[in-house]
Amino acid sequence: MAQVAFIGLGTMGYPMAGHLARQFETLVWNRTASKAQAHAQQFGSRAVADLKATTQAEFIFTCLPTSVEVESVVEQVLPALKPGTVWIDCTSGDPNHSRRIARRLQEAGCDFLDAPVSGGKAGAEAGTLTVMVGGNRDTFHRALPAIQAFAGKVFHVGDVGAGHAVKAVNNMLLAIALLSAAEGLVTLVKQGVDPAIALEVINVSSGRSFSTEVHFPERVLTREFPNTFSLALLAKDARIAVSMAREAYVPVPLMQLAAEMFEMAKQQIGGDVDHTAVVKLIEAWAGVEIAPKGG
Ligand code: NDP
């Protein structure tokens with residue numbers, strides 16, 4: 001019996017499955033099969049053409065765009081799943097959707113953990129991702145050695161859905177930080193301040209964030225906006241965060257506004273660009289670019 005299987009070799013899944021393959025016999029399946037074959041060549045995993053072949057594994061990982069695709073693959077393999085299999089979903093998914101998937105798996109005698117990750121492409125390649133896991137504690141401990149293959153830090157944060165809930169809020173905080181930093185910096189450019197110097201100041205002052213420390217210097221000032229995490233995926237995370245709040249009757253005006261702005265950005269500049277490209281929209285409204293003076 002293969003120990004692990006990985007479904008979804010995208011920006012995140014490809015390197016995550018690579019770390020697993022260094023420690024475990026690993027089956028890989030991807031919608032575009034050539035990526036699974038390339039993975040097998042690069043990491044010594046075993047590419048499978050038939051999705052159902054992944055059910056040979058004790059632990060099945062998914063890292064797909066949304067819970068919709070996860071549910072679809074679960075339904076396709078469900079009749080072939082062996083009781084005792086643990087499904088570990090690293091997608092940034094929807095907590096309610098995950099609870100439904102977990103119930104379906106439970107009917108087949110299988111367990112589900114939601115285990116979304118943070119740390120981006122670089123963290124996935126380095127094997128240092130932060131993983132926030134929801135689900136049964138015993139199942140969590142059973143799966144932990146496999147999860148640790150690609151993780152720096154692993155947290156058990158609650159029952160099924162809790163991992164996805166924490167991830168959605170984390171990414172909402174990222175969305176708000178990006179938007180607020182962009183508004184602040186276009187204002188400073190209008191004041192004649194070099195944004196490179198402004199960022200140096202902010203990054204040793206109380207207004208700093210991951211966005212000002214990493215995204216703006218590396219992606220915005222350079223004008224490179226390398227696409228490692230799509231705007232459409234961050235818009236999806238923001239939507240999940242708002243829907244969780246709505247469901248609990250929590251007023252979240254800032255979160256709603258940020259989610260709307262990401263939807264607007266998706267319509268205007270497209271979802272396939274990097275999430276940091278949302279800054280271009282705020283620049284366009286201000287009529288300035290956040291670029292270093294003379295740079
Ligand atoms: P990518 O778009 O790079 O990869 C998506 C993967 O899902 C690909 O393997 C793709 O296959 C597969 N896929 C898409 N649609 C389907 C479908 N209908 N059926 C089967 N497979 C499908 O996404 P990421 O790796 O960037 O993101 C994956 C998840 O991780 C998302 O939930 C995202 O929010 C989250 N995440 C992303 C981070 C990042 O920095 N990129 C950081 C942290 C979390 P194919 O190769 O055929 O297109």
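1. A salt bridge is taken here as a side-chain nitrogen of Lys or Arg within 4 Å of a carboxyl oxygen of Asp or Glu. Under that criterion, Glu75, Arg104 and Glu107 are linked in a network of salt bridges, and the structure, which is a predicted model, holds 13 salt bridges.

2. Individual pairs deserve a look beside that network. The side chains of Lys121 and Glu125 form a salt bridge with an N to O distance of 3.5 Å; the two residues are four apart in helix H5 (residues 120-126) and therefore separated by about one helical turn. Lys121 is partly exposed at 35% relative accessibility, and Glu125 is likewise classed as partly exposed, with a relative accessible area of 46%. Glu213 and Arg208 also meet through their side chains in a salt bridge, at 3.5 Å from N to O; Glu213 is partly exposed at 39%, and Arg208 is partly exposed at 43%.

3. Is the salt bridge between Lys236 and Asp237 made by residues that are buried or exposed? The side chains of Lys236 and Asp237 meet at 2.9 Å, N to O, and Lys236 counts as buried because its relative accessibility is 7%, under the 20% limit. Asp237 is buried too, with a relative accessibility of 1%.

4. Turning to the sheet, strand E1 (residues 4-7) and strand E4 (residues 59-62) run parallel and are joined by four bridges. Within this pairing Ala5 stands opposite Ile60, while Ile7 stands opposite Thr62. E1 is also joined to strand E2 (residues 26-29) by four bridges, again in the parallel sense, and here Ala5 stands opposite Leu27.

5. E1, helix H1 (residues 13-23) and E2 make up a β-α-β unit that is right-handed. A right-handed β-α-β unit is also made by E4, helix H3 (residues 67-77) and E5.

6. On the cysteines, with a disulfide requiring two sulfur atoms within 2.5 Å, the count of disulfides comes to zero. Cys90 is in no disulfide, the nearest cysteine sulfur being that of Cys63 at 5.9 Å; Cys90 itself is buried, at 2% relative accessibility.

7. Phe225 has a positive phi of about 40 degrees and is placed in the loop between helix H9 (210-220) and helix H10 (231-247); with a relative accessible area of 9%, Phe225 is buried. Tyr249 has a positive phi of about 55 degrees and is found in the loop between H10 and helix H11 (253-269). Tyr249 counts as exposed, because its relative accessibility is 77%, over the 50% limit.

8. At the surface, Phe155, Val157 and Val166 form a nonpolar patch, which together has about 230 Å² of accessible area. One of its members, Val157, is in strand E9 (residues 151-158) and counts as partly exposed at 35% relative accessibility.

9. A last point concerns Leu129, which lies in strand E8 (residues 129-134) and is buried at 0% relative accessibility. The C-alpha atoms of Leu129 and Val73 are separated by 24 Å, the two residues being 56 apart along the chain.

Notes:
Residues are numbered from 1 along each chain as its sequence is written. This is a predicted model: local features need pLDDT of at least 70, side-chain atom pairs count only at pLDDT 80 or more; totals for chains, interfaces and linings use all residues. Side-chain values use heavy atoms; hydrogens and water are left out. Patches are made of residues with over 30% relative accessible area and no salt bridge: like charges are joined within 9 Å, nonpolar side chains (Val, Leu, Ile, Met, Phe, Trp, Tyr) within 5 Å. Accessible areas come from the Shrake-Rupley method with a 1.4 Å probe; for residues, only the protein chains shown count as cover. Buried means under 20% relative accessible area, exposed over 50%, partly exposed in between (1.4 Å probe, protein chains only). Two strands pair if DSSP finds at least two bridges between them. A crossover is right-handed if, with the strands pointing away from the viewer, the path from the first strand over the helix to the second runs clockwise.
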